[in-house]
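This report describes selected features of one protein chain, from single residues to the overall fold. The sequence and structure are shown first.

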Amino acid sequence: MTAAVGVTLQPDERYLELLEPLFATADYLEVTPETTWRRDDDGAWCPNGYWRAFLDLGARYGKPFVGHAVCGSFGTADANDLPRQRAWQARIAEDHAAFHFLWLTDHLGAAMLDGRAVTLPIALPMTAAAAAVVRARLMALQEVVPDTGIENSVFYFLLGDWRDEPAFLGDILSAPRTHLLLDLHNVHTMAQNLGVDPCDYLDRLDLARVIEIHLSGGSDSEPRWLPSGRVLRLDSHDHAVPEEVWRLYERTAPRCANLRGVTLERMEGTVDDGDVDGLRRELSRAREVLGAGRR
């Protein structure tokens, strides 16, 4: 196993200032392209200040970039969404010309419905037709970035049994050079919210399709959010990686024969001075697990 270890870049000056020492020691930097865009006076997407700031960080430390998008909405099948999809891919192409992404992924689900952005990806029916829609989008994106992938998402309602999702992902990723970004906190979150064994889900996955692993933490919802008072796990990327996720990582990473990267995720606005040492230790721990896998 020769996978690299990376860190996410976030559009937050304080975040970038505090974590710059980690960027210097990481093997790559992960960029969400949409965080580097703004609308110009004509309504077209154009680079914002973080586009240049991220490029400068990569140049300063000699780091390559990985792309992880959020607005591709690969599960949207509405023909009326095609102009938006084409404009999105054209903007990705301009970014790739500058960042030279090693690979680029987005999230499983539909983030655009009836012309409206729905913030969080909506679950798809786990059918051959839905798989074909996502697979076609991944293949179209390969005109820009040769290696493309999809991330297993967190959903708060499902169209089917979550334990059937590995087979659905296998159908999606049947085309060459299409990959899985395996987010282990997402697996932990779904398993906790559904009351099932995360290892059952992981054992059903074709781990040979995994190009990247995400490690992150999260929070629990407030009881007052739901009339029942039920507490749900949230994929909020605002705390340290929990031990349950580390155990899943230690169990799973050595089995991912084609793994290229392991990324430590943290959201903007969630890092203070006291968090930096912990994040540094997490980056080292992620690397140590890969070393143990090689041995």
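This is a predicted model: local features need pLDDT of at least 70, side-chain atom pairs count only at pLDDT 80 or more; totals for chains, interfaces and linings use all residues.

Once neighbours within four places in sequence are set aside, Arg135 is in contact with Asp171, Ile172, Ser174 and Ala175.

## The barrel

Eight strands form a closed barrel with parallel pairing, in the order β1-β2-β5-β6-β9-β10-β11-β14. From one strand to the next, the twist averages 30°.

Strand β1 (residues 4-8) runs parallel to strand β2 (residues 28-31), and three bridges join them. Within β2, Glu30 is the residue that stands opposite Thr8. Further along, strand β9 (residues 148-151) is paired with β10 in the parallel sense over four bridges, and Thr148 faces Thr178 of β10 there.

## Strands β10 and β11

Strand β10 spans residues 178-183 and pairs with β11 over four bridges, in the parallel sense. Across this pairing, Asp183 stands opposite His214 of β11. Strand β11 is also paired with strand β14 (residues 261-264), again parallel and over four bridges. His214 has a bridge partner in β14 as well, namely Thr263.

How many residues of β10 are buried? Six of the six are, so β10 is largely enclosed by the rest of the structure. In a regular strand, side chains alternate between the two faces of the sheet. Both faces of β10 are covered: one side carries Thr178, Leu180 and Leu182, the other His179, Leu181 and Asp183, and all of these are buried. Strand β11 (residues 210-215) is likewise largely enclosed by the rest of the structure, because six of its six residues are buried.

## The largest pocket

The largest pocket has a volume of about 1100 Å³. Its lining comprises 37 residues, and those nearest the centre are Val70, Cys71, His107, Thr119 and Pro121. Two or more lining residues come from each of β3 (37-39), α3 (82-99), β7 (110-113) and β8 (116-122). Strand β8 gives the largest share, with five residues.

By class, the lining consists of 17 nonpolar, eleven polar and nine charged residues.

Thr119, one of the residues nearest the centre of the largest pocket, is located in strand β8. Is Thr119 buried or exposed? Its relative accessible area is 74%, so Thr119 is exposed. Most residues other than glycine have a negative phi. Thr119 is not a glycine, yet its phi is positive, at about 70°.

Asp114 also has a positive phi, near 55°, and is a residue other than glycine. Asp114 lies in the loop between β7 and β8 and counts as exposed because its relative accessibility is 62%. Gly115 is placed in the loop between β7 and β8 too, and its relative accessibility of 65% means that Gly115 counts as exposed.

## Ser73 and its contacts

Ser73 is found in the loop between β5 (65-68) and α3. Its relative accessibility is 2%, so Ser73 counts as buried. Not counting residues up to four places away in sequence, Ser73 touches Arg84, Asp106, Gly109, Ala110, Ala111, Met112 and Arg137.

Conventions
Residues are numbered from 1 along each chain as its sequence is written. Side-chain values use heavy atoms; hydrogens and water are left out. On a 1 Å grid over the protein atoms alone, a cavity is a set of points where a 1.4 Å probe fits but cannot get out, and a pocket is an open set with protein on both sides within 12 Å along at least five of seven lines; lining residues have an atom within 4 Å of a point. Grid points are joined across faces, edges and corners, and a volume is the space filled by probe spheres set on the points. Ala, Val, Leu, Ile, Met, Phe, Trp, Tyr, Cys and Pro count as nonpolar, Asp, Glu, Lys and Arg as charged, and the others, Gly among them, as polar. Two strands pair if DSSP finds at least two bridges between them. Axes are lines fitted to C-alpha atoms, for helices over the stretch in contact, and angles run from 0 to 180 degrees between N-to-C directions. Buried means under 20% relative accessible area, exposed over 50%, partly exposed in between (1.4 Å probe, protein chains only). Contact means heavy atoms within 4.5 Å.
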